[in-house]
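Subject: Handover of a structure and notes on it

Dear colleague,

Please find below the structure that I am handing over to you. I would be grateful if you kept it open while reading the notes that come after it.

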Amino acid sequence: MAALIRAVCAGLFALATTGIAWAETRLALNHPFVLEDADGKTVTGDDFPGRWLLFYFGYTHCADQCPTALSALVEALTEIGPAADHIQPIFVTVDPARDRGPALRTFTAAFDPRILGLTGSEEQIADAAKMFGVEYKKVLAGSDDYVIDHSTRLSLVAPDRHRAATFAFAEPYLIAAKLLDELQHGGAALGAVNNLGAFR
């Protein structure tokens, strides 16, 4: 069963990264997100003044898709160097029943300490996911286990919290280029980025 789950996740990842030409959606956000960190503290966009928020929705028990996506996200942030200081990466679980406390904190820290893991009630997560056009569904994988099919996309929220760009997951250098493009058009200073022209 585990092999089947890994194969399904790998297939979804391949589908998400094949033949894309930045399937981008511009979103107008009409209300704030309200979630919780691993310690149960309420987190909203107001907690990150002046920073862009980079969201990825997934869950800690995901066999392939989420680890691959988060690894690529971290590599993209590394590629853009100091420009990454403008961005707060956020992992939102779609499995709040299992992803809380140390489990959530340890999962995100394994990829990069900059990633903030957020959870919340089922209603809070559903609201945040809907706001960014993320879909997810629990699928039974045996009598006492399940996996969650979910969208594989990144959402970059502008510092004003009223605008967001949601785009398909891709290779790290493409994510890096997209992040730099959004930051530049948003007025962020990018002078310290090495070899900026390579991302054009």
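The notes below describe what was found, topic by topic.

This is a predicted model, in which local features need pLDDT of at least 70 and side-chain atom pairs count only at pLDDT 80 or more, while totals for chains, interfaces and linings use all residues. Residues are numbered from 1 along each chain as its sequence is written, and side-chain values use heavy atoms, with hydrogens and water left out.

A residue is called buried under 20% relative accessible area, exposed over 50%, and partly exposed in between (1.4 Å probe, protein chains only). Helices (H or I, at least four residues) and strands (E, at least two) are DSSP runs, numbered from the N terminus.

The core

In general, nonpolar side chains tend to be buried together in soluble globular proteins. Here the largest nonpolar core has 58 residues. Such a core is a set of buried Ala, Val, Leu, Ile, Met, Phe, Trp, Tyr and Cys residues joined through side-chain atoms within 4.5 Å. The residues with the most contacts inside the core are F55, F57, I80, F132 and L179. Helix α2, residues 65–79, gives the most to this core, with eight residues.

Aromatic rings

Seven aromatic pairs are present in the structure. Rings of Phe, Tyr and Trp (its six-membered ring) pair if their centres lie within 6.5 Å; planes under 30 degrees apart count as stacked, over 60 as edge-to-face and the rest as tilted. F55 and F132 form a tilted pair, 4.8 Å centre to centre with 35° between the planes. This pair links distant parts of the chain, 77 residues apart: F55 belongs to strand β4 (residues 52–58), and F132 to the loop between α4 and β7 (136–140). Both F55 and F132 are buried. A tilted pair is also formed by F91 and F107, at 5.2 Å centre to centre and 45° between the planes. F91 lies in strand β5 (residues 87–93) and F107 in helix α3 (residues 101–111), so this pair ties together parts that are 16 residues apart in sequence. F91 and F107 are both buried.

Helix α4

Which residues of helix α4 are buried? In this helix, residues 122–131, they are I125, A128, A129 and M131. Seen down the axis of α4, these buried residues fall within an arc of 160°, the arc being that of the directions from the helix axis to the C-beta atoms; they therefore line one face of the helix. The face turned away from the buried side carries the exposed residues E122, E123 and K130. After α4 comes G133, whose phi is positive, near 70°.

The β7–β8 hairpin

β7 and strand β8 (residues 146–150) pair in the antiparallel sense over five bridges; two strands pair if DSSP finds at least two bridges between them. They form a hairpin with five residues between them, and G142 in the turn has a positive phi of about 115°. The bridge partner of K138 is I148 in β8. The charged end of K138 sits over the ring of Y146, 4.3 Å from its centre. For this description, NZ of Lys or CZ of Arg must be within 6 Å of the ring centre and within 35 degrees of the ring normal. By contrast, four of the five residues of β8 are buried, so β8 is largely enclosed by the rest of the structure.

Cysteines

How many disulfides does the structure hold? The count is zero, a disulfide being a pair of cysteine sulfur atoms within 2.5 Å. The sulfur of C62 is 3.4 Å from the closest cysteine sulfur, in C66, which is too far for a bond. C62 is buried, with a relative accessible area of 6%, and C66 is buried at 0% relative accessibility.

Yours sincerely
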